[in-house]
Amino acid sequence: RVGRHDHFFELGGHSLMAGRMLSKVQHELDLSLEFYTVFNHPTLADFAESVLTTIVGQLSDSDDVDALIADITNR
């Protein structure tokens, strides 16, 4: 069983898997992430926090926050 604090690379992840995962996350969230994000944040918990920080950093006003919340809750 894999948990949010398990290490991506210790579980057998590698750079090609990281690239595929990043591509899927970017596509689903319409977000641009740097390739090294998964290397710097190899646990799901740390990676998710980094993605959330990136999302919040790209928001420009409260309307964007409301739209983001609505989008997330409707998935």
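1. A word to start with: a residue is called buried when its relative accessible area is under 20%, exposed when that area is over 50%, and partly exposed in between, using a 1.4 Å probe and protein chains only. By that rule Thr43 is buried, because its relative accessibility is 13%. You will find Thr43 in the loop between helix 2 and helix 3. Contact here means heavy atoms within 4.5 Å. Setting aside residues up to four places away in sequence, Thr43 touches Arg4, His5, Asp6 and His7.

2. Before going further, please keep in mind that this is a predicted model, in which local features need pLDDT of at least 70 and side-chain atom pairs count only at pLDDT 80 or more, while totals for chains, interfaces and linings use all residues. Residues are numbered from 1 along each chain as its sequence is written, and side-chain values use heavy atoms, with hydrogens and water left out.

3. Now for the overall picture. The protein chain has 4 helices and 0 strands, giving the pattern α-α-α-α along the sequence. Helices (H or I, at least four residues) and strands (E, at least two) are DSSP runs, numbered from the N terminus. The C-alpha atoms fill a box of roughly 40 × 25 × 20 Å along the principal axes. Of the 75 residues in the chain, 20% are buried. Among contacts between residues at least 6 apart in sequence, 41% join residues at least 24 apart.

4. What about the surface and the charges? The accessible surface of the protein chain is about 5600 Å², and 54% of that belongs to carbon and sulfur atoms; such areas come from the Shrake-Rupley method with a 1.4 Å probe, and for residues only the protein chains shown count as cover. The chain carries 5 positive and 12 negative side chains, with the centres of the two sets 14 Å apart. Lys and Arg count as positive and Asp and Glu as negative, while His and the chain ends are not counted. Each charge is placed at NZ of Lys, CZ of Arg, CG of Asp or CD of Glu.

5. Have a look at Asp30, in the loop between helix 1 (15-29) and helix 2 (37-40). Its phi is near 50 degrees, a positive value in a residue other than glycine. Most residues other than glycine have a negative phi. Asp30 is exposed, because its relative accessible area is 70%.

6. Thr54 lies in helix 3 and is partly exposed, with a relative accessible area of 25%. Beyond its neighbours within four places in sequence, Thr54 is in contact with Leu31, Ser32 and Leu33. Met17 is in helix 1 and counts as partly exposed at 34% relative accessibility. Leaving out residues up to four places away, Met17 touches Phe8 and Gly12. Thr54 and Met17 are 37 residues apart in sequence and 21 Å apart in space, C-alpha to C-alpha.

7. Finally, find Val2 in the segment before helix 1. Is Val2 buried or exposed? Val2 is exposed, because its relative accessible area is 62%.
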